Amino acid sequence: LTFDAKNLFFASDYHYGHAGIIQYCKRPYVSVDEMDQTLSFGLQETVPHKGVMVFLGDLTFHTDPTKIDAQIHSLRAETKILVRGNHDGKEVAHSDKWDLVVDHLEIKVRFNGKTHRLFLSHYPHYSWPGSHHGGVHLHGHSHGQIPGYFVEKPNPQGLRNLVGGRLDISADCWDYRPVSFGQIWQRLEQM
């Protein structure tokens, strides 16, 4: 699968309906309702209807299919992909609101005149397909507890030459909003 970066967004670890995550991750919410509404609002403000939304696991703790379908619908994008996480039960994974459900995924993203190889998984990996050849690994699960890193190649001019890296896209790392590939690349460059 190859996508243009322009309308491609990623998110992970929203944990809709999970009261314990507020304390566990020190999220700035006083209630589950407030957290759920804020996460949904961020999606509405960020993701275009014609976009592609890749969710890297742990969408919701709800088991009611009606609530689950509403939360998947709130992802807003025309194309919705789930990379399953450890809290995505069969009710989430089997919803017909997803266009694709996988355990991990390799895609290509066209960005700034180049095509970048991405490996997507809920879990962080130390090594991934393409990790030594410019591949970028996006993951969730760790809620910001595992640092990302970048991979660079030597440059004849002595300048920094970023070619890839690993980055946590859990909601806790991105102000509880989905992120674009441009934002991801910018953060990798700042590491």
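Contact here is heavy atoms within 4.5 Å. Helices (H or I, at least four residues) and strands (E, at least two) are DSSP runs, numbered from the N terminus.

Before going on, a note on the source: this is a predicted model, where local features need pLDDT of at least 70 and side-chain atom pairs count only at pLDDT 80 or more, while totals for chains, interfaces and linings use all residues. Residues are numbered from 1 along each chain as its sequence is written, and side-chain values use heavy atoms, with hydrogens and water left out.

**Helix 2**

Which residues of helix 2 are buried? I get Val32, Met35, Asp36, Leu39, Gly42 and Leu43. Seen down the helix 2 axis they fall within an arc of 125° (directions from the axis to the C-beta atoms), so they line one face. On the face turned away from that side I found the exposed residues Asp33 and Gln37.

**Rings**

How many aromatic pairs does a search of the whole structure find? It finds five, counting rings of Phe, Tyr and Trp (its six-membered ring) with centres within 6.5 Å; planes under 30 degrees apart are stacked, over 60 edge-to-face, the rest tilted.

One of them is Tyr14 with Tyr16, edge-to-face at 5.8 Å centre to centre and 75° between the planes. Both Tyr14 and Tyr16 are buried. Another is Tyr29 with Tyr176, also edge-to-face, at 5.4 Å and 70°. Tyr29 sits in the loop between helix 1 and helix 2 and Tyr176 in the loop between strand 10 (162-168) and strand 11 (179-180), so this pair ties together parts 147 residues apart in sequence. Tyr29 is buried at 9% relative accessible area, and Tyr176 is buried at 12%. I also noted that ring pairs link Tyr14, Tyr16 and Phe55 into a cluster.

**Whole chain**

I count five helices and eleven strands. Buried residues make up 49% of the 191 residues. The C-alpha trace spans about 55 × 30 × 30 Å along its principal axes. Among contacts between residues at least 6 apart in sequence, 60% join residues at least 24 apart.

Key:
Buried < 20%, exposed > 50% of the residue type's maximum accessible area, 1.4 Å probe, protein only.
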